[in-house]
Amino acid sequence: MKTISTLIIILLIGLSDLLAQNGNLLDPFNGDFEDGLDRWRFFEVPANIGSRAEVVTSDAAQGGKAVKIVFVPDDGSVADRGFDNFDTNVPVIGGENYTASVQAKASGGANLHLWMTLGYFDHDRNVIDEISTGFPLSGSYQTFSLQREAPAAAAICWIAFRLFDGNNNRIGGTLFLDDARITGKRPAQIVLVPRVMATRLPSDDVPIASIDITEAPFGAKSDGSADAATALQTAIDFAAASGGAVIFIPAGRYRFDGGLLLREKVILRGDWQNPAAGSSEKGTVLMPYGGQGDASGQPFIRMERGSGIKNMTIWYPNQRASSVSPYPWTIQC
Ligand SMILES: [Ca+2]
């Protein structure tokens, strides 16, 4: 029996190593822009002076789509502007080396340079490290890359692109980007193994899921004390990138300051029972706080085809029966 146990442990270690192999971390996060601008943001602050990012289908370096960013000349008011996936939560392993790369070209000016940044967050999303390098651009796509070891405390990374002249000044011009990659070792936590989840309330089936959203590395707070949107969206993305999975949300209250995109082949499963008259909510309660007063805002949960939601309550803590506020749609299919 001891031999069998040892063998199983060895097999598990081997599987973990195998699954933590090198790859493109942006594969599930729209690094090729084939899903348009999904997962990316364009920013020009403190006020947008007319620059914009759009998807083009006629000028791709790879696949059918690329991103075109038109930077108008800086009128002196711009503090920062660029294009990044700062909010996407791409997971990394501390201590590992990662290489960011992109295919880029430019038009509409002389001396145009791509300023590329690779940065790292810790588990609490504090920025702990970043590196930037400038590359002269031409009118034809070229591949540019930079490499950086993730600090030991790193958990998440992002990549950003800006347009500068050769002296680190913002400049007007048009930047095309395609095929953004971050290559390196993928975190082993992405390994999804279905298991039976314990429910607090009686259940007429045996809930089986691959992720418990309150466990590491996701760590959503079940007492409503912190926004759970990032944790749950990261888990959804992991599950989708792994071919689909059930995500268990244990009984508790979860705060959401933002919305969720529930991807294909991902099911959210909670712990729930029919409410009795006069009793408060039991089991899994999702609490949207965002969107109050904005009926046309982004829905709380956008469901892709082939996704599912089961056994949970969605309750708006700031809604009042005496003074009803409009909210965006709760679920959009
Ligand atoms: Ca593409």
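Strand 7 is largely enclosed by the rest of the structure, because eight of its 11 residues are buried. Here buried means under 20% relative accessible area, exposed means over 50%, and partly exposed is in between, using a 1.4 Å probe and protein chains only. Strands, like helices, are DSSP runs numbered from the N terminus: E and at least two residues for strands, H or I and at least four residues for helices.

A word on ground rules: this is a predicted model, where local features need pLDDT of at least 70 and side-chain atom pairs count only at pLDDT 80 or more, while totals for chains, interfaces and linings use all residues. Residues are numbered from 1 along each chain as its sequence is written, and side-chain values use heavy atoms, with hydrogens and water left out.

**Around strand 7**

What does strand 7 pair with? It runs antiparallel to strand 10, with eight bridges joining them, and antiparallel to strand 12, again through eight bridges. Pairing needs at least two DSSP bridges between two strands. If you want landmarks, Ala100 has Leu146 as its bridge partner in strand 10, and Thr99 has Thr183 in strand 12.

Now for the packing. The largest nonpolar core holds 38 residues, and Leu114, Phe161 and Leu177 have the most contacts inside it. Such a core is a set of buried Ala, Val, Leu, Ile, Met, Phe, Trp, Tyr and Cys residues joined through side-chain atoms within 4.5 Å. Strand 4 (66-71), strand 7 (97-107), strand 8 (113-121), strand 9 (127-136), strand 10 (142-149), strand 11 (156-164) and strand 12 (173-185) each give two or more residues to this core. Strand 7 gives the most, with five residues. Phe161 shows how the pieces meet: leaving out residues up to four places away in sequence, its contacts (heavy atoms within 4.5 Å) are Trp40, Gly82, Phe83, Val102, Leu114, Trp115, Met116, Leu177 and Ala180. There's also a second, separate core of 28 residues, with Ala220, Ala235, Ala239 and Phe300 among them.

**The calcium site**

Which residues hold the calcium ion? The protein donors are Asp32 (O), Glu34 (OE), Gln62 (O), Gln62 (OE1), Lys65 (O), Asp178 (OD) and Asp178 (OD), at 2.3 to 3.0 Å from the ion. Donors are N, O and S atoms within 2.8 Å of the metal (3.2 Å for Na, K and Ca), and water is not among the atoms, so sites may look incomplete. Along the chain, the donor spacing reads D-x1-E-x27-Q-x2-K-x112-D.

**A few single residues**

| Residue | Relative accessible area | Class |
|---|---|---|
| Arg52 | 41% | partly exposed |
| Gln62 | 23% | partly exposed |
| Lys65 | 29% | partly exposed |
| Ile128 | 34% | partly exposed |
| Cys157 | 0% | buried |
| Cys333 | 79% | exposed |

Arg52 belongs to strand 3 (residues 52-56). Its side chain makes a 3.2 Å polar contact with that of Glu54; the term covers N or O atom pairs within 3.5 Å, where within protein one must be able to donate a hydrogen and the other to accept it, and residues adjacent in sequence count only if both atoms are side-chain atoms. Beyond its neighbours within four places in sequence, Arg52 contacts Phe42, Lys68, Ile69 and Val70.

Ile128, in strand 9, touches Tyr120, Phe121, Asp122, Pro151, Ala153 and Ala154, with residues up to four places away in sequence not counted.

As for the cysteines, how many disulfides are there? The count is zero, a disulfide being a pair of cysteine sulfur atoms within 2.5 Å.
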